[in-house]
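Please look over the sequence and the structure, then read the points below.

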Amino acid sequence: MTTLVAYYDTEPVDLKGKVEIQQVPMPKAVEARVADGALRPGLVYVLVPSPVGPPLHVPFATYDEWSLRDRYNEALRIVNTLGASHVDCQSFREAKKGARFKVGVKGFGGKGGIQKVQNSGFDYSHTGTGSPARDPRPLQWPHEPGFAAAVEGVLDNKATQVTINIHSSQTFSANGSTGKALRKLGFELGANAERSEVSNLHITAQFPAFKKSWL
């Protein structure tokens, strides 16, 4: 379950039973890790667990965009650590009803319904010789669909190709029901990030078939 937290200087906000959020006195937050700037009282953060340290605090209104990019970077780290010889990432957006040129991508669910985004900041392609696979664990997003499977596929089953699909989160919109409820209670949500038009990322990685040489 995702944890929301806000810090206060003097007294916590009366939640009136409307939202679930932890409220913590500021003195207890001295060593908190923050994704954007310094920790601020009254601002709602999404806590992101870390496999190697304390959780990261991401401002509520920027979480969806931050999450998409962080999972994208983690996916690239995983396949490169596994020794990929070719990596290709394509980005897509949700197609509006009746839009032309809809594309179906395996793993996105449904038939069609997405459109390729040209020249997005997520498009990536790399071709090289590859290298022997190394274990990328611990994973920053261990429960993200496809991440653990890619690791096991290459390390345990010697897979030569894996595909990872990443979907944009729509959970923490400032204009969503939770965001509106938090603002009515007097909380700040952080600067609204300019949402990219990208809603889905399709990453394909190919791996060389290394064989052991016996002397």
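**Alanine 32 and the model**

Alanine 32 is in contact with Leu39 and His57, leaving aside its neighbours within four places in sequence; contact means heavy atoms within 4.5 Å. The model is predicted, so local features need pLDDT of at least 70 and side-chain atom pairs count only at pLDDT 80 or more, while totals for chains, interfaces and linings use all residues. Residues are numbered from 1 along each chain as its sequence is written, and side-chain values use heavy atoms, with hydrogens and water left out.

- Alanine 32 is found in the loop between E2 and E3; helices (H or I, at least four residues) and strands (E, at least two) are DSSP runs, numbered from the N terminus.
- Alanine 32 has a relative accessible area of 26% and is therefore partly exposed; buried means under 20% relative accessible area, exposed over 50%, and partly exposed in between (1.4 Å probe, protein chains only).
- Between alanine 32 and proline 54 there are 22 residues of separation in sequence and 7.4 Å in space, C-alpha to C-alpha.

**Overall make-up**

- The protein chain has 3 helices and 10 strands.
- Read from the N terminus, the elements run β-β-β-β-β-α-β-β-β-α-β-α-β.
- Of the 215 residues in the protein chain, 40% are buried.
- Among contacts between residues at least 6 apart in sequence, 67% join residues at least 24 apart.

**The five-strand sheet**

- An open sheet is formed by 5 strands in the order E2-E1-E4-E5-E3, with mixed pairing; two strands pair if DSSP finds at least two bridges between them.
- Strand E2 (22-25) and strand E3 (33-34) stand at the edges with a single partner strand each, so one side of each is left without a neighbour in the sheet.
- Strand E1 (residues 3-8) and strand E4 (residues 45-50) run antiparallel and are joined by 3 bridges.
- Opposite leucine 4 stands valine 46 in E4.

- Strand E10 (residues 200-206) is mostly covered, with 6 of its 7 residues buried.
- Strand E6 (residues 86-94) runs antiparallel to E10, and 7 bridges join them.
- Histidine 86 has glutamine 206 in E10 as its bridge partner.
- E9 also pairs with E10 in the antiparallel sense, over 7 bridges.
- Isoleucine 166 stands opposite leucine 201 in E10.

**Helix H1**

- Helix H1 (residues 63-81) lies across E4 and strand E5 (53-59), running at about 130° to E5; axes are lines fitted to C-alpha atoms, for helices over the stretch in contact, and angles run from 0 to 180 degrees between N-to-C directions.
- The 19 residues of H1 should span 27 Å at 1.5 Å a residue, and the end C-alpha atoms are 26 Å apart, which agrees; the expected span is 1.5 Å times one less than the number of residues.
- Glycine 83 follows H1 and has a positive phi, near 90°.

**Nonpolar cores**

- In the largest nonpolar core, of 47 residues, Ile21 and Leu182 touch the most other members; such a core is a set of buried Ala, Val, Leu, Ile, Met, Phe, Trp, Tyr and Cys residues joined through side-chain atoms within 4.5 Å.
- H1 supplies the largest share of this core, 7 residues.
- Apart from this core lies another, of 8 residues, among them Val5, Tyr7, Leu43 and Tyr45.
- Not counting residues up to four places away in sequence, leucine 182 touches Leu4, Val19, Ile21, Val44, Phe60, Phe187 and Leu189.

**Aromatic pairs**

- The count comes to 5 aromatic pairs; rings of Phe, Tyr and Trp (its six-membered ring) pair if their centres lie within 6.5 Å, and planes under 30 degrees apart count as stacked, over 60 as edge-to-face and the rest as tilted.
- Phenylalanine 60 and phenylalanine 172 have ring centres 5.3 Å apart and planes at 85°, so the pair is edge-to-face.
- Phenylalanine 60 lies in the loop between E5 and H1, and phenylalanine 172 in the loop between strand E9 (161-167) and helix H3 (177-184), so the pair ties together parts that are 112 residues apart in sequence.
- Both phenylalanine 60 and phenylalanine 172 are buried.
- For tyrosine 63 and tryptophan 66, the ring centres are 5.9 Å apart and the planes at 40°, so the pair is tilted.
- One aromatic cluster is formed by Phe60, Tyr63, Trp66, Trp141 and Phe172.
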